[in-house]
Amino acid sequence: MRSGSGAGMVQWVVMASPTAQDIWIDDKARRAGYADGAAFAQAHSLKRYRIEQLYRAATRERLAAVDDVTVLPKELRAALVAESFAFDAVEPVIVQKSNDKQTIKGLFRLHDGNEVEAVLMQHHGERNTVCISSQSGCAYACAFCATGQAGFTRHLSATEIFDQARYFARHLDAQGRKITNIVFMGMGEPFHNYESVMQAVQLLNDPKGFGLGHRHITISTVGVVPEIDRFSDEEIQVNLAISLHAPTDEIRSSIMPVNKRWPIAELMAAVKRYIAKSNRKVFFEYVMLDGVNDRPSDAENLAKLMHGPLYHVNIIPYNATPDAKLGPSGEQRIKAFQAILEANGVPCTVRVPMGRDIAAACGQLQAETQPRAKVV
Ligand code: SAH
(Lines give C-alpha, C1' and ligand atoms only; values in the text may rest on other atoms or scores of the structure.)
Protein backbone atom coordinates (compact mmCIF):
# COMPACT_ATOMS: atom_id res chain seq x y z
CA MET A 1 0.00 0.00 0.00
CA ARG A 2 1.29 3.39 -0.98
CA SER A 3 2.02 5.59 1.95
CA GLY A 4 -0.25 8.53 2.64
CA SER A 5 -3.49 6.92 1.53
CA GLY A 6 -5.78 3.99 1.94
CA ALA A 7 -6.80 1.73 4.77
CA GLY A 8 -4.87 1.75 7.96
CA MET A 9 -3.84 5.38 7.65
CA VAL A 10 -5.30 7.72 10.18
CA GLN A 11 -5.32 11.37 9.27
CA TRP A 12 -4.73 13.54 12.30
CA VAL A 13 -5.65 17.13 11.93
CA VAL A 14 -3.71 18.82 14.67
CA MET A 15 -4.94 22.25 15.60
CA ALA A 16 -1.82 23.81 17.06
CA SER A 17 -2.71 26.21 19.82
CA PRO A 18 -1.77 29.78 18.98
CA THR A 19 1.66 31.02 20.01
CA ALA A 20 2.07 34.28 21.91
CA GLN A 21 3.12 35.88 18.64
CA ASP A 22 -0.07 34.65 16.92
CA ILE A 23 -2.16 36.08 19.75
CA TRP A 24 -0.36 39.41 19.53
CA ILE A 25 -0.52 39.84 15.77
CA ASP A 26 -4.18 38.72 15.59
CA ASP A 27 -5.14 41.31 18.20
CA LYS A 28 -3.09 44.12 16.64
CA ALA A 29 -4.30 43.29 13.13
CA ARG A 30 -7.94 43.30 14.24
CA ARG A 31 -7.44 46.71 15.79
CA ALA A 32 -6.10 47.94 12.43
CA GLY A 33 -9.23 46.62 10.70
CA TYR A 34 -8.15 43.16 9.48
CA ALA A 35 -9.89 39.87 10.13
CA ASP A 36 -6.73 38.47 11.75
CA GLY A 37 -2.94 38.37 11.58
CA ALA A 38 -2.96 36.20 8.46
CA ALA A 39 -5.11 38.71 6.56
CA PHE A 40 -2.82 41.50 7.71
CA ALA A 41 0.31 39.61 6.60
CA GLN A 42 -1.27 38.84 3.24
CA ALA A 43 -2.32 42.45 2.63
CA HIS A 44 1.26 43.59 3.08
CA SER A 45 2.89 40.46 1.57
CA LEU A 46 4.74 39.95 4.84
CA LYS A 47 6.75 36.80 5.43
CA ARG A 48 6.71 35.29 8.89
CA TYR A 49 10.07 36.79 9.84
CA ARG A 50 8.63 40.28 9.33
CA ILE A 51 5.83 39.56 11.79
CA GLU A 52 8.46 38.20 14.15
CA GLN A 53 10.42 41.45 13.86
CA LEU A 54 7.32 43.46 14.70
CA TYR A 55 6.41 41.23 17.64
CA ARG A 56 9.91 41.27 19.09
CA ALA A 57 10.20 45.02 18.70
CA ALA A 58 6.99 45.54 20.70
CA THR A 59 7.43 42.93 23.40
CA ARG A 60 11.13 42.19 23.86
CA GLU A 61 12.91 45.32 22.65
CA ARG A 62 9.91 47.44 23.62
CA LEU A 63 10.45 50.15 21.05
CA ALA A 64 8.09 53.11 21.30
CA ALA A 65 6.28 52.73 17.99
CA VAL A 66 6.18 50.94 14.64
CA ASP A 67 8.18 53.69 12.99
CA ASP A 68 11.12 52.92 15.29
CA VAL A 69 11.49 49.39 13.97
CA THR A 70 14.34 50.24 11.64
CA VAL A 71 14.87 46.63 10.52
CA LEU A 72 11.63 47.05 8.55
CA PRO A 73 11.68 48.78 5.15
CA LYS A 74 10.73 52.44 5.37
CA GLU A 75 7.77 52.07 3.01
CA LEU A 76 6.35 49.25 5.10
CA ARG A 77 6.64 51.31 8.29
CA ALA A 78 4.93 54.22 6.58
CA ALA A 79 2.13 51.95 5.34
CA LEU A 80 1.58 50.52 8.83
CA VAL A 81 1.55 53.93 10.46
CA ALA A 82 -0.88 55.16 7.80
CA GLU A 83 -3.36 52.42 8.62
CA SER A 84 -3.00 52.99 12.39
CA PHE A 85 -1.29 49.70 13.12
CA ALA A 86 -0.14 50.48 16.65
CA PHE A 87 2.05 48.87 19.32
CA ASP A 88 -0.10 50.20 22.13
CA ALA A 89 -3.74 49.34 22.67
CA VAL A 90 -3.85 51.54 25.75
CA GLU A 91 -3.10 55.23 25.78
CA PRO A 92 -1.94 56.86 29.03
CA VAL A 93 -4.22 59.78 29.86
CA ILE A 94 -3.13 60.61 33.39
CA VAL A 95 -0.07 59.33 35.20
CA GLN A 96 0.14 60.09 38.92
CA LYS A 97 2.93 59.48 41.40
CA SER A 98 2.32 58.94 45.12
CA ASN A 99 3.98 61.32 47.59
CA ASP A 100 6.49 58.66 48.62
CA LYS A 101 7.32 58.18 44.90
CA GLN A 102 7.01 54.43 45.23
CA THR A 103 3.68 54.06 43.45
CA ILE A 104 2.69 55.23 40.00
CA LYS A 105 -0.85 54.92 38.74
CA GLY A 106 -1.71 55.13 35.07
CA LEU A 107 -5.17 55.88 33.74
CA PHE A 108 -5.38 54.46 30.23
CA ARG A 109 -7.88 55.05 27.47
CA LEU A 110 -8.91 52.19 25.20
CA HIS A 111 -9.77 52.67 21.52
CA ASP A 112 -13.49 53.04 22.26
CA GLY A 113 -13.02 55.63 24.99
CA ASN A 114 -13.38 53.24 27.91
CA GLU A 115 -10.77 53.56 30.61
CA VAL A 116 -8.78 51.29 32.91
CA GLU A 117 -6.10 51.81 35.52
CA ALA A 118 -2.86 50.01 36.26
CA VAL A 119 -0.37 50.56 39.05
CA LEU A 120 3.40 50.20 39.38
CA MET A 121 4.73 49.61 42.89
CA GLN A 122 8.47 49.96 43.37
CA HIS A 123 9.36 48.29 46.64
CA HIS A 124 12.55 50.21 47.40
CA GLY A 125 13.96 49.25 44.04
CA GLU A 126 14.04 45.53 44.89
CA ARG A 127 10.72 44.41 43.52
CA ASN A 128 8.81 46.20 40.79
CA THR A 129 5.27 44.90 40.85
CA VAL A 130 2.70 45.93 38.28
CA CYS A 131 -0.99 45.52 39.05
CA ILE A 132 -3.04 45.28 35.85
CA SER A 133 -6.73 45.37 34.95
CA SER A 134 -8.54 42.66 33.01
CA GLN A 135 -11.87 44.45 32.52
CA SER A 136 -13.17 47.97 32.35
CA GLY A 137 -15.31 47.97 35.50
CA CYS A 138 -16.40 44.79 37.26
CA ALA A 139 -19.63 42.79 37.42
CA TYR A 140 -19.18 41.34 40.92
CA ALA A 141 -20.25 44.32 43.04
CA CYS A 142 -18.25 43.63 46.21
CA ALA A 143 -19.41 46.15 48.81
CA PHE A 144 -15.91 47.29 49.76
CA CYS A 145 -14.48 47.78 46.25
CA ALA A 146 -14.74 51.00 44.25
CA THR A 147 -14.49 49.15 40.92
CA GLY A 148 -17.29 46.76 41.87
CA GLN A 149 -19.53 49.58 43.00
CA ALA A 150 -19.14 51.33 39.64
CA GLY A 151 -20.38 48.33 37.62
CA PHE A 152 -19.20 46.45 34.52
CA THR A 153 -18.38 48.02 31.16
CA ARG A 154 -16.53 45.44 29.09
CA HIS A 155 -13.85 42.75 28.85
CA LEU A 156 -10.34 43.68 27.75
CA SER A 157 -8.59 41.89 24.90
CA ALA A 158 -5.27 40.12 25.49
CA THR A 159 -3.15 43.02 24.24
CA GLU A 160 -5.24 45.60 26.07
CA ILE A 161 -4.21 43.74 29.22
CA PHE A 162 -0.63 43.07 28.11
CA ASP A 163 0.01 46.64 26.96
CA GLN A 164 -0.57 47.96 30.50
CA ALA A 165 2.49 45.91 31.49
CA ARG A 166 4.32 47.09 28.36
CA TYR A 167 3.74 50.70 29.41
CA PHE A 168 5.33 50.24 32.83
CA ALA A 169 8.07 47.98 31.46
CA ARG A 170 9.06 50.82 29.13
CA HIS A 171 8.98 53.24 32.06
CA LEU A 172 11.34 50.92 33.97
CA ASP A 173 13.52 50.23 30.89
CA ALA A 174 14.42 53.92 30.93
CA GLN A 175 15.77 53.48 34.48
CA GLY A 176 17.58 50.24 33.67
CA ARG A 177 15.03 48.33 35.75
CA LYS A 178 12.61 45.52 35.09
CA ILE A 179 9.17 44.38 36.13
CA THR A 180 9.68 41.56 38.63
CA ASN A 181 6.03 40.69 39.32
CA ILE A 182 2.64 41.07 37.67
CA VAL A 183 -0.58 40.78 39.65
CA PHE A 184 -4.05 40.60 38.11
CA MET A 185 -5.48 42.66 40.94
CA GLY A 186 -6.53 45.78 39.12
CA MET A 187 -9.99 46.47 37.80
CA GLY A 188 -12.19 43.54 36.89
CA GLU A 189 -12.51 39.84 37.62
CA PRO A 190 -9.82 37.89 35.70
CA PHE A 191 -11.83 34.65 35.72
CA HIS A 192 -14.82 36.43 34.18
CA ASN A 193 -12.57 37.14 31.16
CA TYR A 194 -10.75 33.84 31.27
CA GLU A 195 -9.52 33.39 27.66
CA SER A 196 -8.10 36.89 27.26
CA VAL A 197 -6.45 36.72 30.67
CA MET A 198 -4.77 33.42 29.85
CA GLN A 199 -3.68 34.83 26.49
CA ALA A 200 -2.24 37.86 28.30
CA VAL A 201 -0.38 35.45 30.60
CA GLN A 202 1.03 33.75 27.49
CA LEU A 203 2.17 37.15 26.16
CA LEU A 204 3.77 38.08 29.47
CA ASN A 205 5.51 34.73 29.73
CA ASP A 206 6.80 34.16 26.18
CA PRO A 207 10.59 33.72 26.37
CA LYS A 208 10.85 35.09 22.81
CA GLY A 209 8.93 38.18 23.83
CA PHE A 210 8.26 39.76 27.22
CA GLY A 211 9.76 36.83 29.12
CA LEU A 212 8.35 37.04 32.65
CA GLY A 213 8.33 33.69 34.47
CA HIS A 214 4.97 32.16 35.39
CA ARG A 215 5.94 32.14 39.05
CA HIS A 216 6.16 35.92 38.97
CA ILE A 217 2.53 36.25 37.91
CA THR A 218 -0.46 36.13 40.28
CA ILE A 219 -4.12 35.92 39.34
CA SER A 220 -6.61 37.01 41.97
CA THR A 221 -10.22 35.85 41.79
CA VAL A 222 -13.40 36.68 43.62
CA GLY A 223 -14.06 32.91 43.63
CA VAL A 224 -15.51 31.81 40.29
CA VAL A 225 -15.48 28.09 41.04
CA PRO A 226 -15.71 26.58 37.51
CA GLU A 227 -12.83 28.75 36.35
CA ILE A 228 -10.71 27.80 39.36
CA ASP A 229 -11.09 24.20 38.17
CA ARG A 230 -10.25 25.23 34.62
CA PHE A 231 -7.18 27.04 35.91
CA SER A 232 -6.14 23.91 37.86
CA ASP A 233 -6.21 21.99 34.58
CA GLU A 234 -3.80 24.45 32.91
CA GLU A 235 -1.02 23.05 35.07
CA ILE A 236 1.01 26.22 34.94
CA GLN A 237 2.97 27.78 37.77
CA VAL A 238 1.05 31.04 37.85
CA ASN A 239 0.06 31.92 41.44
CA LEU A 240 -3.56 31.83 42.53
CA ALA A 241 -5.05 34.29 45.02
CA ILE A 242 -8.58 34.02 46.37
CA SER A 243 -10.51 37.01 47.66
CA LEU A 244 -12.05 35.31 50.67
CA HIS A 245 -12.68 38.24 53.06
CA ALA A 246 -14.99 36.35 55.42
CA PRO A 247 -15.01 33.01 57.24
CA THR A 248 -18.76 32.35 57.16
CA ASP A 249 -21.38 32.40 54.40
CA GLU A 250 -23.46 34.85 56.37
CA ILE A 251 -20.74 37.48 56.47
CA ARG A 252 -19.34 36.74 53.01
CA SER A 253 -22.74 36.93 51.31
CA SER A 254 -23.39 40.27 52.98
CA ILE A 255 -20.31 41.88 51.37
CA MET A 256 -19.71 39.68 48.29
CA PRO A 257 -22.77 38.79 46.18
CA VAL A 258 -20.73 36.06 44.42
CA ASN A 259 -20.94 34.01 47.60
CA LYS A 260 -24.62 33.29 47.00
CA ARG A 261 -23.65 31.53 43.78
CA TRP A 262 -20.53 29.75 45.08
CA PRO A 263 -20.59 29.60 48.86
CA ILE A 264 -17.49 29.04 50.98
CA ALA A 265 -17.72 25.23 51.08
CA GLU A 266 -17.76 25.04 47.27
CA LEU A 267 -15.00 27.60 46.96
CA MET A 268 -12.75 25.81 49.46
CA ALA A 269 -13.44 22.47 47.75
CA ALA A 270 -12.22 23.97 44.45
CA VAL A 271 -9.12 25.29 46.20
CA LYS A 272 -8.52 21.84 47.64
CA ARG A 273 -8.72 20.32 44.15
CA TYR A 274 -6.29 22.96 42.87
CA ILE A 275 -3.79 22.25 45.64
CA ALA A 276 -4.11 18.49 45.21
CA LYS A 277 -3.27 18.91 41.53
CA SER A 278 -0.62 21.64 41.69
CA ASN A 279 0.86 21.34 45.16
CA ARG A 280 1.14 25.13 44.98
CA LYS A 281 0.53 27.71 47.68
CA VAL A 282 -2.77 29.62 47.55
CA PHE A 283 -3.06 33.18 48.84
CA PHE A 284 -6.27 34.14 50.62
CA GLU A 285 -6.97 37.85 50.65
CA TYR A 286 -8.80 39.17 53.66
CA VAL A 287 -9.66 42.85 53.83
CA MET A 288 -10.18 44.00 57.42
CA LEU A 289 -13.54 45.71 57.84
CA ASP A 290 -14.39 47.28 61.16
CA GLY A 291 -17.08 45.33 62.98
CA VAL A 292 -17.86 43.19 59.94
CA ASN A 293 -15.23 40.44 59.71
CA ASP A 294 -12.52 41.42 62.21
CA ARG A 295 -13.67 39.82 65.49
CA PRO A 296 -11.54 37.22 67.30
CA SER A 297 -14.21 34.61 66.48
CA ASP A 298 -13.81 35.48 62.78
CA ALA A 299 -10.08 34.80 63.03
CA GLU A 300 -10.80 31.46 64.77
CA ASN A 301 -13.27 30.50 62.04
CA LEU A 302 -10.87 31.59 59.30
CA ALA A 303 -8.12 29.43 60.81
CA LYS A 304 -10.47 26.42 60.56
CA LEU A 305 -10.71 26.92 56.79
CA MET A 306 -6.93 26.92 56.33
CA HIS A 307 -5.41 23.46 56.07
CA GLY A 308 -1.64 23.64 56.31
CA PRO A 309 1.37 25.45 54.93
CA LEU A 310 -0.04 25.91 51.42
CA TYR A 311 -2.90 28.06 52.76
CA HIS A 312 -1.53 31.57 53.19
CA VAL A 313 -3.61 34.51 54.43
CA ASN A 314 -2.88 38.04 53.20
CA ILE A 315 -4.48 40.42 55.67
CA ILE A 316 -5.30 43.66 53.84
CA PRO A 317 -6.01 46.92 55.66
CA TYR A 318 -9.17 48.36 54.11
CA ASN A 319 -8.56 51.28 51.77
CA ALA A 320 -11.27 53.92 51.80
CA THR A 321 -13.58 54.02 48.78
CA PRO A 322 -15.95 56.91 47.94
CA ASP A 323 -19.37 55.62 48.93
CA ALA A 324 -18.98 52.46 50.97
CA LYS A 325 -20.53 52.49 54.42
CA LEU A 326 -17.63 50.40 55.61
CA GLY A 327 -14.70 51.43 57.77
CA PRO A 328 -11.17 50.13 58.37
CA SER A 329 -10.30 47.96 61.35
CA GLY A 330 -7.97 49.62 63.83
CA GLU A 331 -4.33 48.65 64.05
CA GLN A 332 -4.80 46.76 67.35
CA ARG A 333 -7.70 44.84 65.88
CA ILE A 334 -5.56 43.80 62.90
CA LYS A 335 -2.67 42.76 65.17
CA ALA A 336 -4.99 40.69 67.38
CA PHE A 337 -6.49 39.03 64.31
CA GLN A 338 -3.05 38.15 62.98
CA ALA A 339 -1.99 36.82 66.38
CA ILE A 340 -4.93 34.40 66.47
CA LEU A 341 -4.11 33.10 62.98
CA GLU A 342 -0.48 32.63 63.98
CA ALA A 343 -1.43 30.89 67.22
CA ASN A 344 -3.39 28.47 65.04
CA GLY A 345 -0.36 27.88 62.81
CA VAL A 346 -1.77 29.73 59.81
CA PRO A 347 0.89 31.44 57.66
CA CYS A 348 -0.09 35.08 57.19
CA THR A 349 1.21 38.49 56.26
CA VAL A 350 -0.27 41.95 56.63
CA ARG A 351 -0.17 43.82 53.35
CA VAL A 352 1.30 47.31 53.43
CA PRO A 353 -0.99 49.62 51.50
CA MET A 354 0.68 51.62 48.73
CA GLY A 355 -0.46 54.69 46.84
CA ARG A 356 -3.52 55.56 48.94
CA ASP A 357 -2.92 59.28 48.33
CA ILE A 358 -3.49 58.80 44.61
CA ALA A 359 -6.31 56.24 45.04
CA ALA A 360 -4.05 53.52 43.65
CA ALA A 361 -4.34 51.02 46.51
CA CYS A 362 -6.34 47.76 46.41
CA GLY A 363 -9.98 48.38 45.72
CA GLN A 364 -9.57 52.05 44.90
CA LEU A 365 -9.30 51.77 41.12
CA GLN A 366 -12.28 53.35 39.51
CA ALA A 367 -10.91 55.11 36.42
CA GLU A 368 -13.73 57.25 35.17
CA THR A 369 -14.42 59.21 38.30
CA GLN A 370 -10.81 60.04 39.05
CA PRO A 371 -10.06 63.74 39.38
CA ARG A 372 -8.22 64.97 36.29
CA ALA A 373 -6.11 67.67 37.90
CA LYS A 374 -2.95 66.02 39.19
CA VAL A 375 -1.09 65.23 35.96
CA VAL A 376 2.60 64.47 36.49
N1 SAH B 1 -11.60 40.66 41.07
C2 SAH B 1 -10.38 40.13 41.59
C3 SAH B 1 -9.17 41.01 41.45
C4 SAH B 1 -9.28 42.48 41.81
S5 SAH B 1 -9.27 43.01 43.47
C6 SAH B 1 -10.58 39.71 43.02
O7 SAH B 1 -11.63 39.98 43.58
O8 SAH B 1 -9.69 39.09 43.59
C9 SAH B 1 -7.72 42.80 44.19
C10 SAH B 1 -7.82 42.65 45.72
O11 SAH B 1 -8.14 43.90 46.37
C12 SAH B 1 -8.94 41.71 46.08
O13 SAH B 1 -8.55 40.83 47.08
C14 SAH B 1 -10.00 42.66 46.59
O15 SAH B 1 -10.92 42.02 47.36
C16 SAH B 1 -9.17 43.67 47.32
N17 SAH B 1 -9.91 44.91 47.63
C18 SAH B 1 -11.01 45.37 47.02
N19 SAH B 1 -11.42 46.53 47.58
C20 SAH B 1 -10.55 46.81 48.57
C21 SAH B 1 -10.44 47.88 49.49
N22 SAH B 1 -11.29 48.89 49.48
N23 SAH B 1 -9.42 47.86 50.38
C24 SAH B 1 -8.53 46.85 50.36
N25 SAH B 1 -8.58 45.81 49.51
C26 SAH B 1 -9.59 45.78 48.62
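This report describes strands, single residues, the ligand site and the nonpolar core of a predicted model.

## Basis of the model

Residues are numbered from 1 along each chain as its sequence is written, and side-chain values use heavy atoms, with hydrogens and water left out. Because the model is predicted, local features need pLDDT of at least 70 and side-chain atom pairs count only at pLDDT 80 or more, while totals for chains, interfaces and linings use all residues.

Helices (H or I, at least four residues) and strands (E, at least two) are DSSP runs, numbered from the N terminus. Two strands pair if DSSP finds at least two bridges between them. Strand S1 covers residues 91-97 and pairs with S2 in the antiparallel sense over six bridges. Gln96 has Lys105 as its bridge partner in S2. The hairpin of S1 and S2 has five residues between the strands, and Lys101 takes a positive phi near 65° there.

Strand S2 (residues 103-109) is mostly covered, with six of its seven residues buried. Buried means under 20% relative accessible area, exposed over 50%, and partly exposed in between (1.4 Å probe, protein chains only). S2 is also joined to strand S3 (residues 115-123) by seven bridges, and these two strands run antiparallel. Arg109 stands opposite Glu115 in S3. Five residues lie between S2 and S3 in their hairpin, where Gly113 in the turn has a positive phi of about 95°.

Met121 has Thr129 as its bridge partner in S4. Three residues separate the strands in the hairpin of S3 and S4, and His124 takes a positive phi near 50° in this hairpin.

Strand S4 (residues 127-131) is mostly covered: four of its five residues are buried. Three bridges join S4 to strand S7 (residues 181-184), and the two run parallel. Thr129 is paired in S7 with Asn181.

Ser136 is found in strand S5 (residues 135-137). Ser136 counts as buried because its relative accessible area is 1%. The side chain of Ser136 reaches the backbone oxygen of Glu115 at 3.1 Å. Contact means heavy atoms within 4.5 Å. Apart from neighbours within four places in sequence, Ser136 is in contact with Asn114, Glu115, Val116, Phe152, Thr153, Arg154 and Leu156.

Thr218 has its place in strand S8 (residues 217-221). Its relative accessibility is 12%, so Thr218 counts as buried. With neighbours within four places in sequence left aside, the contacts of Thr218 are Ile182, Val183, Phe184, Met185, Asn239 and Ala241.

## Ligand site

Of the 22 residues around the ligand, Phe144, Ser220, Ser243, His245 and Asn319 come nearest. A residue is near a molecule or strand if one of its heavy atoms lies within 4 Å of it.

A polar contact is a pair of N or O atoms within 3.5 Å; within protein, one must be able to donate a hydrogen and the other to accept it, and residues adjacent in sequence count only if both atoms are side-chain atoms. A nitrogen atom of the ligand lies 2.8 Å from a backbone N or O atom of Phe144. An N or O atom in the side chain of Ser220 is 2.5 Å from an oxygen atom of the ligand. For Glu285, a side-chain N or O atom is 3.1 Å from an oxygen atom of the ligand. Taken alone the ligand exposes 530 Å², and the protein buries 96% of that. Accessible areas come from the Shrake-Rupley method with a 1.4 Å probe; for residues, only the protein chains shown count as cover.

## Nonpolar core

The largest nonpolar core has 113 residues, and those with the most contacts inside it are Phe40, Phe85, Ile182, Phe184 and Met306. Such a core is a set of buried Ala, Val, Leu, Ile, Met, Phe, Trp, Tyr and Cys residues joined through side-chain atoms within 4.5 Å. Not counting residues up to four places away in sequence, Phe40 touches Ile25, Ala29, Tyr34, Leu46, Ile51, Leu54, Leu80, Glu83 and Phe85.

Val71 lies in the loop between helix H3 (48-59) and helix H4 (74-82). Val71 is classed as exposed because its relative accessible area is 53%. Leaving aside neighbours within four places in sequence, Val71 is in contact with Arg50 and Gln53. The C-alpha atoms of Val71 and Ser243 are separated by 46 Å.

Pro226 is placed in helix H8 (residues 225-234). At 43% relative accessibility, Pro226 counts as partly exposed.
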